[in-house]
Amino acid sequence: MTGTLTDLPAPSTERELLASLEAILADKVPEGWSVSVDREPSGRTQGQWRPDALLVVEAPNKAKARLAVEVRASLYPRDAYALSTELGSLWLRPPVPKGRIPTVDDVDGVLVVSRFLTERTRSMLEKLGFSYADATGNLRIATRVPPLFIEISGADANPWAEDRPLRSLRGPASARVVRALLDFQPPYPLRLLAEMAELPLGSASRVVSLLVSEAFVERTGRGPIEGVDWKGLLRRWSQDYSLLEANRSKFFLEPRGPKALLARLMELDGPYAVTGSLAASRRAEVAPAALAAVYVRNIDKVASRLGLRSAPSGGNVVLVEPLADVAFERTWDQEAITYAALPQVAVDLMTSPGRGPAEAEALIEWMEENEDAWRRPGSRSG
Amino acid sequence: MPGDVPDPVLVEARRALLDALEALSGHLDHIVLVGAQAVYLHTDDVTLGVALFTKDADVALIPPLGREPNIETAMRDAGFRPGSQPGIWLDEDGQVDLLVPEGLAPAGGRRAARLEGHGKGVARKVRGLEGAAVDNEFQLLGALEPSDSRTVRMRVASPAALLVAKLHKLGERQEEPRADRLSDKDAFDVYRLLQLPRNVLTRGMRRLLADERSAEVARASVAFLGRLFGTDGALGSVMAGRYVEGVADPETVRLAVATLAQDLLLSLE
């Protein structure tokens, strides 16, 4: 069942979620039961709260329960408590205290509908006395008065996990997609972008959706990616990413200065990529580097290999373990030294201390005048 | 730095040096370039992002010198006039200091070197330059302005000899109670020299320690090195850091110069 769900777009609006609730009820409710959903409930409930819909369930024995329906596009375990505080007083929760009557007439419980409810969320909702349904087919309707109980299992894992809207460019997937968008000149279809970024289509799609919504990427509907505002995208990336905060990094002292380190990088076995001022100075007019920034896979191994002394303050070398391996990709060599791709160098400088941001500007100016030198058309060989 | 347009002051300093060398060409085999110009010749590719700067040319005269040409006459003929102190020669835009290593100078005189056959104030005695007589090598020097095509093949003091000289300058100034900002540049020059490959400095220092002409000042300079640069909080380290304030991170320079000093001291043990 879930195999087919993944191919469908995730229901996210209230209307779509209510439609999926109706579909599941029609499909799953045992014979003899009848259900109906009133999408425009009239004001039957007290106070400010109006349910999103009203569900009436009738058992074969004619016992009838009315449930207020609360639609949530997504619901996490922590939200279950908040929901309980918000709506818990509307109906009688188990165990029924003697002598108490339901707070709201005509409502015997609340059913929460969401796109997908994890097992933990479901069990919390159950403990808090909610009924629930999700678009993958998990359904539980339980009321004490009248006593009704239906429980049906849907998916255990969220088939639309990737569709949770992305809000930041912090993670490794964002780094991969942003780098691909910067390194490769559109147009290309999303599928090719995902390939070039070496990511599942869904992951690439989330990042692209965010960037389309923020107008850094041009795309019409599901068509190809038509354009990228690469300078704007660099700036946008730098808001969520930072060389020293997004990555693991450690400072060292090279007493003969940053440049002296370069000559010794050839001694390394593993991959490395020089970023920051040392890389920028190969292209743009910048002052001699005060800090050597080098991506490596293992900071401690490289530091001991190069005999670098740790210098938590006053260091002039920073070794960086990148959050995404893409830092080692699409590098360029000059005089036997490997440098990080220029968009990577630019964002690293933008988010570096000291002269970094000014040097980033100088580099970006160079990149603007020499776009062909660092950007290539999208292709499978990547 | 290579490719950069040199500072006009540096251009003038080199021009004055070439003028003086032309005037003193008869003594060329007894002349060794010392001071900042020599330091920069060795450390040109040690890129630090800190501008090279010197307004004068320091030249060591290694006795015994011949009587001809007469230094005073030659310098005056070349357009230099004596400055306020012995050994200082000025022309319109430049200054040349003629210096004699104290340990090698003929007896007599307090600050002025008594060079036989030459005027009393033509050169000044300086302690710490003795290494320049022991460890130097010929280099070809040219003018720094394109219109000047002169080149001179002359002796240039080795990095170790220059280190000894700079450490003496700093060590002695520190004993006079005057560790002023002018000396910060000398402390930074020590850092420039210490960045050279360690085996170059170690070999040079061993040579100076072993030669009787320079052994005493070399030993003293090792002590100065430990005292002034042995830790990042030592006076020389702090001065070197202060020199880059606003241009680079003083703390980096303090840590780096102290690290290099420790390395060199260790390799000399």
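**Reading a two-chain predicted model**

Guide: Chain B has 10 helices and eight strands; helices (H or I, at least four residues) and strands (E, at least two) are DSSP runs, numbered from the N terminus. This is a predicted model, in which local features need pLDDT of at least 70, side-chain atom pairs count only at pLDDT 80 or more, and totals for chains, interfaces and linings use all residues. Residues are numbered from 1 along each chain as its sequence is written, while chains are lettered from A and ligands numbered from 1 in the order in which they are written.

Visitor: How many helices and strands does chain A have?

Guide: Chain A comes to 15 helices and 18 strands.

Visitor: How many residues does each chain give to the contact between A and B?

Guide: Two residues are in contact if their C-beta atoms, placed from the backbone, lie within 7 Å. Chain A supplies 14 residues and chain B 13 residues. The chain A side has six nonpolar, five polar and three charged residues. Here Ala, Val, Leu, Ile, Met, Phe, Trp, Tyr, Cys and Pro count as nonpolar, Asp, Glu, Lys and Arg as charged, and the others, Gly among them, as polar.

Visitor: In what order do the strands of the open sheet in chain A run?

Guide: Two strands pair if DSSP finds at least two bridges between them. In chain A, seven strands form an open sheet in the order β1-β2-β3-β4-β5-β6-β7, with mixed pairing. Its edge strands are β1 (34–38) and β7 (148–152) of chain A, each pairing on one side only. Five bridges join β1(A) to the antiparallel strand β2 (residues 53–58) of chain A, and A:V35 stands opposite A:V57 in β2(A).

Visitor: How are two packed helices described?

Guide: By the angle between their axes and the distance between the axes. Axes are lines fitted to C-alpha atoms, for helices over the stretch in contact, and angles run from 0 to 180 degrees between N-to-C directions. Helix α6 (residues 190–197) and helix α7 (residues 201–213) of chain A pack at about 105°, with axes 9 Å apart. That makes α6(A) roughly perpendicular to α7(A), a term for angles of 65 to 115 degrees.

Visitor: Which residues of α6(A) and α7(A) meet?

Guide: A:L190, A:R191, A:L193, A:A194 and A:A197 in α6(A) meet A:L201, A:A204, A:S205 and A:V208 in α7(A). By class, this contact has seven nonpolar, one polar and one charged residues.

Technical notes
Angles under 35 degrees count as roughly parallel, over 145 as roughly antiparallel, 65 to 115 as roughly perpendicular and the rest as oblique.
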